[in-house]
Amino acid sequence: MIELDDIDRKLLHALAQDATQSAGALGRRFGLSQPAAWRRIKRLQDSGAIKGRRLRLNAEALGFGVTVFLGVKLARKGQVSLEDFERAVSAIPEVQTVEHVLGLYDYRLRVVARDLSDFERVLRRRIMTLPGAGDVEANVLLSEERLPGPIGVSNAPAPETPDGESSARR
Amino acid sequence: MEASGIIQGQEAVIDWAALGYAVEVSLRVTLDKTQARAFDEFTAQARKVPEVIEIQTFLGRVDVRLSVIARDMSHYQQIYRDRILTLPHIADIEALMHIARVKRDEALPV
């Protein structure tokens with residue numbers, strides 16, 4: 001497990017909001033030289049604290065107006081292996097994430113579709129036909145927000161955040 | 001694509017497990033909808049809990065889902081009791097504990 005100091009946390013927080021900022025710009029913001037900021041960012045990446053970058057896509061602009069979360073319970077009767085189910089569900093392009101969970105459901109799926117009738121097609125042709133799929137519960141996503149998480153930069157003088165929201169959060 | 005608003009930005013993905021947060025729980029919350037401001041007040045308070053990393057609202061059996069991370073089960077227990085159960089207008093909560101992420105592909109099937 002990687003130990004972070006205050007500056008690491010600020011860098012992590014800033015990069016989680018905008019990963020395109022250069023080491024020079026981040027260094028100026030947090031009082032580091034460009035090489036020092038670069039070394040810290042590299043350490044965050046090498047240690048696995050940052051596991052990659054994600055493009056924030058506007059799904060609606062691409063014609064995907066509907067996101068649905070499905071809770072799937074496997075039918076216990078058949079001896080369907082988890083691997084078979086996981087392989088089949090991961091191969092569906094409309095399924096964005098598959099999480100194996102413990103609780104009311106066995107799997108949680110995030111599914112995108114162009115509209116509700118497109119979603120019905122995905123549900124009927126792809127999800128319901130999965131090997132071993134039993135109970136399925138659908139919840140249509142209305143809104144979604146990602147929060148910075150417990151990085152603990154709350155004491156920092158509010159930096160200019162692109163969304164203008166995080167400073168008001170505490 | 002950035003200019004047309006299809007790409008809204010790039011963000012670093014934090015691996016909370018690498019930072020010592022081993023537990024991730026999905027809390028599916030049903031709200032007391034007789035309260036007109038239940039959604040707004042609940043989400044406003046949930047935002048103040050640092051361990052809440054995602055808030056989603058739904059149309060369906062579940063009203064709101066929170067992603068909560070914790071260092072271990074006793075830490076989770078503490079967050080759950082002190083910060084989650086004290087959130088306003090909760091009618092019911094169900095927890096799903098994450099075991100594994102089988103697929104994480106936010107690409108769109110274009």
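Predicted model: local features only at pLDDT ≥ 70, side-chain atom pairs only at ≥ 80, totals over all residues.
**Contact between chains A and B.** I looked up the residues on each side and found 57 from chain A and 49 from chain B. On the chain A side, I noted which elements give two or more residues: helices H1 (6–17) and H4 (82–90), together with strands E1 (50–57), E3 (95–102), E4 (107–113) and E5 (133–146). E5(A) gives the most to this side, with 10 residues. I then sorted the chain A residues that touch chain B by class, which gave 28 nonpolar, 14 polar and 15 charged.

I followed E3(A) to strand E5 of chain B, residues 90–104, and found the two joined by 6 bridges and running antiparallel. In E5(B), B:Arg104 stands opposite A:Thr97.

**Nonpolar core.** I examined the largest nonpolar core, which has 59 residues. The members that touch the most others are A:Leu109, A:Val111, B:Leu66 and B:Val68. For B:Val68, I listed the residues touched, leaving out those up to four places away in sequence: B:Val25, B:Leu27, B:Glu51, B:Val52, B:Ile79 and B:Ile84.

**Helix packing in chain A.** I checked H1(A) against helix H3 of chain A, residues 34–46; their axes lie 10 Å apart, at an angle of about 75 degrees. H1(A) is therefore roughly perpendicular to H3(A), because angles of 65 to 115 degrees count as such. I recorded A:Ile7, A:Asp8, A:Leu11 and A:Leu12 from H1(A), which meet A:Arg40, A:Ile41 and A:Leu44 from H3(A). By class, this contact of H1(A) with H3(A) holds 5 nonpolar residues, 2 charged and no polar.

Key:
Residues numbered from 1 in each chain as written. Chains lettered and ligands numbered in written order. Contact = placed C-beta atoms within 7 Å. Helix = DSSP H or I, 4+ residues; strand = E, 2+ residues; numbered from the N terminus. Nonpolar A, V, L, I, M, F, W, Y, C, P; charged D, E, K, R; others polar. Pairing = 2+ DSSP bridges. Core = buried A, V, L, I, M, F, W, Y, C linked by C-beta atoms within 7 Å. Buried ≥ 20, exposed ≤ 12 C-beta atoms within 10 Å, placed from the backbone. Axes fitted to C-alpha atoms, helices over the stretch in contact; angles between N-to-C directions. Parallel < 35°, antiparallel > 145°, perpendicular 65-115°, else oblique.
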